[in-house]
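Q: I would like to learn how to read a structure like this one, feature by feature. Can we put it up and work through it?

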Amino acid sequence: MTDRLEFEIFQEPLPQKRHRHTKSGHVYDPSYKDKQNFCKEAMIYEPHQPIPGGIAIELIFFMLRPKIHFGTGKNINKLKESSPYEHITTPDTDNLVKFVLDSLGADGRFFNDDRQIISVKAKKLYANSRDTARTYVCLYSLDKEDILRWSLN
């Protein structure tokens, strides 16, 4: 792998919402403003030029924990031992991935089109504390040797 771009966005991970239709027949994206906010936070990591060629992306979504995962009284900030680390409820991981890809690919800022993404690795976990909801993003520019190595396996 040649180039690597790695960063975290400290916002609650959001899923891509389904496009809506108005009575007049127009289609709109209800996630548009959320994507703009995500992209605005990511702009400080924007490469000078969009990443060319094949891209692999690694995403980890750290979701907020519900209050029930924490103790009470003097243990209010301590996780219960029975609290899970994997997040197996909504939103779906594929909708979270789609939101990030659409946000980063907007206007060709990080890459020209999400068709360039040839590998996606994503996890959805609970954050370790109450206030660390975030999205970890790592983009890899793949060279021909990487792609050949993958195709042989």
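Q: Which residues does Thr135 touch, not counting residues up to four places away in sequence?
A: Two conventions come before the case: this is a predicted model, in which local features need pLDDT of at least 70, side-chain atom pairs count only at pLDDT 80 or more, and totals for chains, interfaces and linings use all residues. Residues are numbered from 1 along each chain as its sequence is written, and side-chain values use heavy atoms, with hydrogens and water left out. Contact means heavy atoms within 4.5 Å. By that rule Thr135 touches Phe7, Glu8, Ile9, Gln11, Pro13, Phe38, Ile60, Phe61 and Val100.

Q: Where does Thr135 lie, and is Thr135 buried or exposed?
A: Helices (H or I, at least four residues) and strands (E, at least two) are DSSP runs, numbered from the N terminus. Thr135 lies in strand E6. For burial, the cut-offs are under 20% relative accessible area for buried, over 50% for exposed, and partly exposed in between, with a 1.4 Å probe and protein chains only. Thr135 counts as buried because its relative accessibility is 2%.

Q: Phe61 is on that contact list. Which residues is Phe61 itself in contact with, leaving aside its neighbours within four places in sequence?
A: Phe61 lies in strand E4 and is buried, at 1% relative accessibility. Its contacts are Pro13, Leu96, Val97, Val100, Ala122, Lys123, Lys124, Leu125, Arg134 and Thr135. A C-alpha distance is another way to read such a position: Phe61 and Thr93 are 32 residues apart along the chain, with their C-alpha atoms separated by 8.4 Å.

Q: How many helices and strands does the protein chain have, and what pattern do they follow along the sequence?
A: The protein chain has three helices and six strands. Read along the sequence, the pattern is β-β-β-α-β-α-β-β-α. Among contacts between residues at least 6 apart in sequence, 80% join residues at least 24 apart.

Q: How should I read the overall dimensions and burial of the protein chain?
A: Along the principal axes, the C-alpha atoms fill a box of roughly 55 × 50 × 30 Å. Of the 153 residues, 37% count as buried.

Q: Which residues have the most contacts inside the largest nonpolar core?
A: In soluble globular proteins, nonpolar side chains tend to be buried together. A nonpolar core here is a set of buried Ala, Val, Leu, Ile, Met, Phe, Trp, Tyr and Cys residues joined through side-chain atoms within 4.5 Å. The largest one has 23 residues, and those with the most contacts inside it are Phe7, Val100, Leu104, Phe110, Phe111, Val137 and Leu139. Strand E1 (4–9), helix H1 (32–42), strand E4 (55–63), helix H2 (93–105), strand E5 (117–126) and strand E6 (134–141) each supply at least two residues of this core. H2 gives the most, with six residues. A second, separate core has eight residues, including Ile60, Phe62, Ala127 and Cys138.

Q: What is Phe110 in contact with, leaving aside its neighbours within four places in sequence?
A: Phe110 is in contact with Leu5, Phe7, Ala42, Tyr45, Glu46, Pro47, Pro50, Ile51, Leu104 and Leu139.

Q: How many disulfides are there?
A: A disulfide is a covalent bond between the sulfur atoms of two cysteines. The rule used is a pair of cysteine sulfur atoms within 2.5 Å, and by it the count is zero. Cys39 is in no disulfide, and the nearest cysteine sulfur, that of Cys138, is 18 Å away. Cys39 counts as buried, at 8% relative accessibility, and so does Cys138, at 0%.

Q: Which backbone features deserve a look?
A: Peptide bonds can be read through omega, and one cis case joins Thr90 and Pro91, with omega about 5 degrees. Pro91 is found in the loop between E4 and H2. For phi, Asp107 has a positive value of about 60 degrees although it is not a glycine. Asp107 is found in the loop between H2 and E5, and counts as exposed because its relative accessibility is 70%.

Q: Where is Asp143, and how far apart are Asp143 and Phe62 in space?
A: Asp143 is in the loop between E6 and helix H3 (144–152). At 22% relative accessibility, Asp143 counts as partly exposed. Asp143 and Phe62 are 81 residues apart in sequence and 30 Å apart in space, C-alpha to C-alpha.
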